[in-house]
Amino acid sequence: MTEHPRDTPQFYLTAPSPCPYLPGREERKVFTHLVGERATQLNDVLTHGGFRRSQSIAYRPACEHCRACVSVRVCVDGFRETRSFRRVRQANADLIGDMRAAVPTAEQYSLFRAYLDSRHSDGGMADMTVLDYAMMVEDSHVHTRLIEYRRRGPDTAIHGRGQGSLYAVALTDVLADGLSMVYSFYEPDEPSRSIGTYMILDHVAKARQLGLPYVYLGYWVDGSEKMDYKRRFLPQERLMPGGWERVD
């Protein structure tokens, strides 16, 4: 039997299951564990290859008869705010995102629960408990941060934080070349804000401040209405069979 070093990734393939994006299709995933001293570097390499992170697992689609899932990353340099994006930014000008350590709180879980119950009550995460949420945030061996969005306060210009109730949260990995939005949730009762779009715009701004060239959005799925919004953030690069291709 061949022995492998503990920090050498081993890849596994899931059994077929119903596709959550395209009705009538099946999905399979290839995955590996992100653990050990090289987890951060491995996460960078795998993200460049189209993988996504969920807790200490990195995965990507490996469907036999479908290639609809396409990894997308926004190009920070040259990113263009459309008139619609400017309206979203103006609608959320009273919010500010504070990047902090990935530590779960009861307030975050309360917002997370309200978001799931309103938007994804029949999804795979619908039954997540407060302990499940804590694991989602804390079970990471890579450079992960939480960005909490609250209203601007009188001292925001001094300490960079908002105050008052929590409006949105983004669980974000800091990669060598960008920010990867792992999961986000927000106040479901204020749809006019388009907070989901605002958080992406804010991540582009934060990546620019950090000198990082990309914001990774996960998979754009051609034919899936709920994933179609990702193609609006231009310019972007999409991972095709021949590598990353720029779309303007």
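What should the 16 residues of H6 span at 1.5 Å a residue?

## Helix H6

The structure is a predicted model, in which local features need pLDDT of at least 70, side-chain atom pairs count only at pLDDT 80 or more, and totals for chains, interfaces and linings use all residues. Residues are numbered from 1 along each chain as its sequence is written, and side-chain values use heavy atoms, without hydrogens and water.

H6 should span 22 Å, and its end C-alpha atoms are 22 Å apart, which agrees. The expected span is 1.5 Å times one less than the number of residues. Helices (H or I, at least four residues) and strands (E, at least two) are DSSP runs numbered from the N terminus. Just after H6, Gly211 has a positive phi of about 75°.

## Nonpolar cores

A nonpolar core is a set of buried Ala, Val, Leu, Ile, Met, Phe, Trp, Tyr and Cys residues joined through side-chain atoms within 4.5 Å. The largest one has 43 residues, and Phe112, Phe185, Met199, Val215 and Phe233 have the most contacts inside it. Among the elements that each supply at least two residues of this core are helix H3 (106-119), strand E11 (178-186) and helix H6 (195-210). Another core, of eight residues, lies apart from it and includes Leu22, Cys66, Tyr219 and Met227.

## Strand pairing

Strands pair if DSSP finds at least two bridges between them. E4 (residues 29-33) and E6 (residues 57-61) run antiparallel and are joined by five bridges, with Lys29 opposite Pro61. E5 (residues 52-54) also pairs with E6 in the antiparallel sense, over three bridges, and Arg53 stands opposite Ala58.

Methods
Buried means under 20% relative accessible area, exposed over 50%, partly exposed in between (1.4 Å probe, protein chains only).
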